Amino acid sequence: MLKSQREKKEQFDKKYRKPCAKCGETRLYLIQFHHIDPAQKSFNISYYNRIMDNDTIAKEINKCVCLCSNCHDEFHYLYGFRPKDPIASLNEYLGRDVSG
């Protein structure tokens, strides 16, 4: 049994938050989940990671790449919040193919 909500968050962060796919930032408190294709987004992970089961969270995280807050902001500044072709935009921004 977890001792606190903080411990649950720390376990979640260590398991799911990976280094930034753009710059390599590793400080977990700066890492955000960016949905590769916003049309496939079921929910905002940051808001629901404390109340949903791990399997549901993991399925949603598989639709994402991790970006630090700076790179995430930069991506949306450069490409907007609903790019016409979100996967191509993300590929261009990262300089690699994120489709697998």
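**Figure 1. Lys22 and the ring of Tyr93.** In this predicted model, Lys22 lies over the face of Tyr93, at 4.6 Å from the ring centre. Tyr93 itself counts as buried, with a relative accessibility of 5%.

Figure 2. The structure holds three aromatic pairs. In one of them, the rings of Phe75 and Tyr79 are stacked, because their centres are 4.9 Å apart and their planes stand at 25°. These two residues, Phe75 and Tyr79, are four residues apart in helix H4, so that about one helical turn separates them. Phe75 is buried, at a relative accessible area of 1%, whereas Tyr79, at 22% relative accessibility, counts as partly exposed. Tyr79 also forms an edge-to-face pair with Tyr93, for which the distance is 6.2 Å centre to centre and the angle between the planes is 80°. Since Tyr79 belongs to helix H4 and Tyr93 to helix H5, this pair ties together parts that are 14 residues apart in sequence.

**Figure 3. The largest nonpolar core.** This core comprises 21 residues, of which Phe12, Phe33, Ile45, Ile61 and Leu90 touch the most other members. At least two residues of the core come from each of helix H1 (5-16), strand S1 (31-35), helix H3 (54-61), strand S2 (64-68), helix H4 (69-79) and helix H5 (86-94). The element that gives the most to the core is S2, with five residues. In soluble globular proteins, nonpolar side chains tend to be buried together.

**Figure 4. The surroundings of Ile61.** When its neighbours within four places in sequence are left aside, Ile61 is in contact with Phe12, Tyr16, Phe33 and Ile45. Among these partners, Phe12, Phe33 and Ile45 are, like Ile61, residues of the largest nonpolar core that touch the most other members.

Figure 5. Taken along the principal axes, the C-alpha atoms fill a box of roughly 45 × 25 × 25 Å. Of the 100 residues, 36% count as buried, and the chain exposes about 6800 Å², 50% of which is supplied by carbon and sulfur atoms. Among contacts with a separation of 6 or more, 58% are between residues 24 or more positions apart.

Definitions and conventions:
Residues numbered from 1 in each chain as written. Predicted model: local features only at pLDDT ≥ 70, side-chain atom pairs only at ≥ 80, totals over all residues. Heavy atoms only, no water. Core = buried A, V, L, I, M, F, W, Y, C linked by side-chain atoms within 4.5 Å. Buried < 20%, exposed > 50% of the residue type's maximum accessible area, 1.4 Å probe, protein only. Contact = heavy atoms within 4.5 Å. Phe/Tyr/Trp six-rings, centres within 6.5 Å; stacked < 30°, edge-to-face > 60°. Lys NZ or Arg CZ within 6 Å of the ring centre and 35° of its normal. Areas by Shrake-Rupley, 256 points an atom, 1.4 Å probe, with all protein chains shown as cover.
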